[in-house]
Structures are given as structure tokens and as C-alpha cells.
Amino acid sequence: MYNKQEKLWCCITSNTNETDKLIKSRISTIVSPYALFLDGELGSGKTYVSKQIAKQKNISNISSSSFSKMNLYYSKVKIIHADFYNISNDEDFLYNEIYPQINDNTILLAEWISCSYPLDILVFKLSISLLENNQRRFSMFRIY
């Protein structure tokens, strides 16, 4: 498990257009391979962010992974979209099911993961908080 995180930036958006611009300018520019652990309450926008990142990589059919636990998508990059919501052992699922799928051209988008585990690629955490008037606070961290 990682013990250190560095806050990279924080931003508040008021609508989906602003959120899309934020994702395009701050997240979609990260060079693969990397992992993005998405953290936030139900309805905060974790899957929406995953869909927008995929869209920037020419993948338009990404959906919630809640029922299948993990989906693989291919385009310019390989996107692994994983949902840890009903996983009893995050570490086992990550290292035995997901980790073998990671290569030099992979983006791992992991929702509901309880801890930040070490990987051989860059790892980030995006915390999403719901605010008043449909605003959202996005806080991005580099995990070490």
C-alpha cells in the first residue's frame, strides 16, 4: 500500500461542459501507462470521468463496470475500467485479475478502490466531491 500522496491540483466545476474541459486539459494529457483511482461518493461522477477519458482516446462505448467488475477497451490505448464496489479483497483482485492485463500502453481507471496499491506505472488518485448547486470539486494526487 502507498503511504504518500502529493496534491497536484484542485478545481471546482459547475457543469458538464466545465468538467469535460477539465478532463481534457488536466487528465487526458497524461501519457500512458498510468492508473487513475477514482474516489467519491455515489453519483459524484466517477464513471462520467472514466467515460470522458475514454472518449478522448476514441473509445465511446465505455459503461459502468459494476456488474462485470472489469472491462477492457482498445483504441490508441488499452483502457481497463474496473469497479471495486463489491470486491471483498481489493489487493487480490488488483494483482491477480487486473495487473496481468497492464502493458506499456494501458490506462487503468479504477472506481471504488479502498486503498492505493503500488504498481509499476504512475498512479494517481482523483477525489470527486459533490458541492452545492451541482458543483463538483476535483482534487488530483500523485500516489507514491
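Author: In what follows, a residue is called exposed when its relative accessible area is over 50%, and buried when that area is under 20%. The model discussed here is a predicted one.

Reader: Why is Asn58 counted as exposed?

Author: The relative accessibility of Asn58 is 53%, and because the cut-off for exposed is over 50%, Asn58 counts as exposed. Asn58 is found in the loop between α2 and β3 (70–74), and its phi is near 65°, a positive value in a residue other than glycine.

Reader: What makes Trp112 partly exposed?

Author: Trp112 has a relative accessible area of 28%, which falls between the limits of 20% and 50%, and therefore Trp112 is partly exposed. Trp112 lies in the loop between β5 and β6, and its phi, too, is a positive value near 65°.

Reader: How do you know that the radius of gyration agrees with a compact globule?

Author: A compact globule of 144 residues would have a radius of gyration near 15 Å, and the protein has 14 Å, so the value agrees with that expectation. Along its principal axes, the C-alpha trace spans about 40 × 35 × 30 Å.

Reader: What makes a group of residues here a nonpolar core?

Author: The name is used because the members are buried residues of kinds such as Leu, Ile and Phe, joined through side-chain atoms within 4.5 Å. In the largest such core, which has 23 residues, Ile27, Leu36, Ile79 and Leu126 touch the most other members. At least two residues of this core come from each of α1 (16–27), β2 (34–40), α2 (46–56), β5 (106–111), β6 (122–130) and β7 (136–143). A second, separate core holds 19 residues, including Ile80, Phe84, Ile102 and Tyr117.

Reader: Which residues does Leu126 touch, leaving aside those up to four places away in sequence?

Author: Among them are Trp9, Ile27, Leu36, Val49, Phe138 and Met140, together with Asp39 and Ser139.

Reader: How many helices and strands does the protein have?

Author: The secondary structure comes to three helices and seven strands, which follow one another along the sequence in the pattern β-α-β-α-β-β-α-β-β-β.

How values were computed: Residues are numbered from 1 along each chain as its sequence is written. This is a predicted model: local features need pLDDT of at least 70, side-chain atom pairs count only at pLDDT 80 or more; totals for chains, interfaces and linings use all residues. Side-chain values use heavy atoms; hydrogens and water are left out. Buried means under 20% relative accessible area, exposed over 50%, partly exposed in between (1.4 Å probe, protein chains only). Helices (H or I, at least four residues) and strands (E, at least two) are DSSP runs, numbered from the N terminus. Contact means heavy atoms within 4.5 Å. The radius of gyration is taken over C-alpha atoms; the globule rule is 2.2 Å times the number of residues to the power 0.38.
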